[in-house]
Structure formats: C-alpha cells, structure tokens
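Have a look at the fold before reading on.

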Amino acid sequence: MTTRNDCLERDQHDPLAPLRDQFDLPAGVIYLDGNSLGARPKVSLVRAQQVIAQEWGHDLIRSWNTAGWFELPKRLGNLLAPLIGGVDGEVAVTDTTSVNLFKALAAALTMQAQDPASAGRRVIVTERSNFPTDIYMAQGLTAWLDRGYSIKLIDSPEELPAAIGADTAVVMLTHVNYRSGHQYDMKASSALAHAAGALIVWDLAHSAGAVPVDLHADGADLAVGCTYKYLNGGPGAPAFIWVPKKHQAKFQQPLSGWWGHAYPFAMAPDFKPADGIARALCGTQPIVSLALVECGLDVHRQTTMAAIRSKSLALTDLFIELVEARCAAHPLGLVTPREHAQRGSHVSFTHPHGYAVMQALIARGVIGDYREPAIMRFGFTPLYTSYADVWDAVEILREILDRQDYNVDAKRDAVT
Ligand SMILES: *Cc1c(COP(=O)(O)O)cnc(C)c1O
C-alpha cells in the first residue's frame with residue numbers, strides 16, 4: 001500500500017508542485033473544496049488593490065477606456081477559451097452561471113423554433129440529479145415562455161439515449177455532476193442529440209480548469225460555466241458563456257441589455273444585437289470581481305490541461321485507494337465512478353453520518369463539503385493539492401471514524 005513517504009516522493013517529482021506557491025493557503029488547512037470555491041491566487045490581492053486604488057480611485061470613470069474595463073468580458077473570454085476548446089471571439093466572462101444558462105437555453109429554443117424542420121419540438125431533456133439551479137432556470141424559462149415546453153428528467157446517464165427523441169428541442173447537461181463527480185462523454189452525448197435533431201447545451205461548472213474540454217471537437221452547441229470553482233476567480237466571480245461562431249448569427253437571447261447592443265453608446269431606443277459574442281452580454285459588470293478572474297487564468301496559463309488531468313486522476317485514484325484501504329472498517333460507499341473517463345476532479349463517499357463526519361473533518365482542518373443525501377465531497381485541485389495532502393486527509397478521516405469522533409447531532413449549516 002502507498003505510504004506517506006511514497007506520497008512525499010511523488011510530490012518531489014510533481015511538475016505542478018511549484019504552482020502551489022502561487023496560492024495563499026492558510027497553515028494547518030488541507031483544502032479539498034476547490035470544486036466549490038477555488039483558493040486565492042496571491043496576486044489577486046495586488047490586482048484588487050490596483051483596481052480599487054488606481055483604476056477606480058485615481059482614474060475614475062476614465063478607466064472604462066484606459067483600464068479596458070468595457071472590453072474585459074471579451075478579453076477574459078479569449079484567455080479562458082483555450083481551456084475549453086474555444087477560440088477567440090467565442091467566450092464572454094459575464095453574469096452568473098444561472099443567468100448564462102437562461103440565455104443559452106432561451107437562444108437554443110429560439111434557434112429550434114425558427115428552423116421550420118424543428119419548430120414543433122417542445123421538450124428539454126436534462127438530469128434529475130443536475131445541480132438544482134440548472135433545472136430551476138429551465139423551469140422558470142419554460143413557464144414564462146408559456147408555449148407548451150416541458151422538461152424531461154432522466155434518472156441516470158444510461159437513460160439519455162432513450163430520452164432523446166423527435167420531440168426534443170434541447171438537451172441540457174452538466175458535464176461533470178456536482179454531487180457524484182460523474183463525467184459525461186461529451187462527444188457521444190452531443191452526437192446522440194444531433195442524430196435526433198436536438199441541440200445540446202453544456203454546463204461546465206465542474207469541468208472548466210478541472211478536466212480537458214474540447215467543445216468544438218466534441219460537437220457542443222452552446223456552453224456555460226463557472227470561474228469561482230476550479231478557475232480560482234474568487235467568491236461570486238462572473239461566469240462564462242460560449243457561443244461558437246457557427247451559431248452566433250442565430251443566437252438571440254432575451255436579456256437584451258445595452259452591453260449586448262451593436263452600438264451601446266449610440267443610446268438608440270431600439271435594440272440591435274452586436275455581432276459576435278458581445279450579443280451574449282447584458283449590462284454593467286462587477287468590475288472588481290471580474291478583474292480578479294484574470295489572476296486565476298494566469299496560473300492556468302503556466303501549465304496545460306493534460307498535465308492537470310494527469311495529476312487530477314492520480315490524486316483521485318490515490319484518495320480512493322487510501323480511503324478504501326485505511327477506512328475499510330467503516331460504512332463508506334464510493335459514489336464517484338472508478339473509470340477514469342467517467343470521473344471529474346472530485347470524489348464523493350456516502351456515510352450514514354456524512355454531515356457530522358464532514359463537520360469533524362473541517363474542525364481538524366480538512367475542508368471538504370457535504371451534499372444531501374449523506375454525501376461527503378472531496379475536491380482535488382492539481383494546482384495546489386499535494387499527494388501528501390491526500391495522505392494526511394485520509395489519516396485524519398481514519399482517526400475520526402475509528403474514534404467516532406463526530407457529533408451526530410451537529411447543527412446543520414447552510415453552505416458546508
Ligand atoms: C456551481 C454551479 C452553478 C452555480 O450557479 P451560480 O449561478 O453561480 O450560482 C450552476 N450550475 C452548476 C452545474 C454548478 O455546479
């Protein structure tokens with residue numbers, strides 16, 4: 001079995017190990033929640049001070065031009081695009097994942113409605129275990145449209161082929177499931193949707209910066225995702241939306257704010273969508289938060305998604321191996337697929353007292369999180385998680401379980 005010394009040795013030979021120093025991680029913490037809120041790049045603080053003191057404080061409104069504030073959603077989109085297989089002019093960093101999903105879904109339904117061959121399609125296919133906001137946004141959109149759209153929820157990825165049919169307008173999937181860590185085969189699923197005449201919208205919230213994504217090669221139609229998870233953009237950092245060039249002319253979204261106008265400063269009374277990705281924008285962005293997205297992307301630019309993926313699989317394999325070996329006496333159930341192709345960058349285990357055990361872990365500095373029902377979630381971020389971290393986290397878990405050192409009556413917290 002792998003020893004702690006083996007882990008230290010792997011850390012010594014890890015080509016990503018030097019990047020850890022670019023993050024500010026508190027002493028005594030093993031941070032396994034970068035899938036929910038990424039750690040802070042050290043330069044974020046410098047950048048925040050620059051934006052607040054210089055760009056805002058000193059340069060004031062001139063910064064919309066001189067500091068490039070107005071172009072920021074598109075410039076950051078171009079920096080992010082290579083991580084997801086996009087190209088220049090196809091990604092905007094803006095708004096939230098929920099809002100971008102609303103825009104993407106509305107645009108996809110409109111594309112279908114305007115195509116005579118597809119106009120009668122009224123079903124959105126998604127997963128019951130999708131992150132709830134994705135389902136809620138679809139529910140809100142279809143209820144508001146009031147045109148007979150309905151949502152079909154599948155109960156497992158295996159049900160996807162049978163669920164897509166001649167009535168399907170859009171398939172809306174999250175690439176890596178937030179709870180189980182299951183990863184869809186993007187190419188195969190996109191092909192299924194297209195063979196049936198449907199469009200496919202992908203949510204990359206748990207994929208961007210965590211697993212290689214190649215939206216063009218894998219035939220995606222539209223995509224959205226998060227920057228505050230594996231991209232380390234900061235709490236509530238604006239999300240992204242990807243609209244490939246081939247769909248941009250047909251991409252019409254209902255949140256037609258002035259930032260999406262062809263001539264925003266003409267102040268015309270009628271909306272005319274901008275050409276290109278700008279038509280996915282709505283209104284003024286939280287510039288301080290938006291600016292910090294660049295700091296996380298800069299760390300990513302120093303490595304490759306292939307290197308990140310290879311370490312991510314090594315870390316998650318190691319965690320599964322050690323938990324199963326060292327905590328074998330305890331009722332832990334692996335939820336995450338063992339097969340590499342079906343795994344994202346986090347690992348989930350059930351335990352009957354999952355919530356209490358997670359609180360005990362957090363109290364001892366091992367920060368993961370808990371998701372209903374009974375699931376303990378551990379995120380592995382190759383940019384700053386070491387092999388020794390994995391070993392130490394499992395050792396603390398083993399101690400807590402062996403000593404039953406957790407409070408089954410622990411009071412529930414809203415977030416962790
Ligand atoms: C994290 C996450 C979101 C977050 O949406 P917000 O609008 O940023 O709150 C949405 N969808 C999925 C699948 C997620 O994992």
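K229 is buried, since its relative accessible area of 8% falls under the 20% cut-off. Keep in mind that this is a predicted model. The lysine sits in the loop between β9 (222–225) and β10 (240–242), and UniProt, in an unreviewed entry, marks K229 as "modified residue: N6-(pyridoxal phosphate)lysine". Setting aside neighbours within four places in sequence, K229 contacts G34, N35, S36, L37, G38, A205 and H206.

H206 also turns up in the unreviewed entry's "binding site" list, along with T97, D203 and others, including T174 and D134. Those listed residues span 188 residues in sequence, and their farthest two C-alpha atoms are 30.2 Å apart, so they do not all gather at one spot. T174 is among the residues lining the largest pocket.

| Residue | Element | Relative accessibility |
|---|---|---|
| T97 | helix α5 (residues 97–113) | 11% |
| D203 | strand β8 (residues 199–203) | 3% |

Beyond four places in sequence, T97 touches D203, V224, G225, C226 and A239.

Now for the packing. The largest nonpolar core has 55 residues, and I84, V171, W202, L204, L215 and F240 have the most contacts inside it. Helix α10 (residues 287–300) gives the most to this core, with six residues. Domain 1 (4–42 + 304–403) and domain 2 (68–301) each supply at least three. Another core, of 35 residues, lies apart from it, with A314, M376, L397 and Y406 among its members.

Notes
Residues numbered from 1 in each chain as written. Predicted model: local features only at pLDDT ≥ 70, side-chain atom pairs only at ≥ 80, totals over all residues. Heavy atoms only, no water. Core = buried A, V, L, I, M, F, W, Y, C linked by side-chain atoms within 4.5 Å. Buried < 20%, exposed > 50% of the residue type's maximum accessible area, 1.4 Å probe, protein only. Helix = DSSP H or I, 4+ residues; strand = E, 2+ residues; numbered from the N terminus. Domains from an automatic or database assignment. UniProt positions renumbered as here; feature names shortened; annotations may be inferred. Contact = heavy atoms within 4.5 Å. 1 Å grid on protein atoms, 1.4 Å probe; cavity = no way out; pocket = protein on both sides within 12 Å on 5 of 7 lines; lining within 4 Å.
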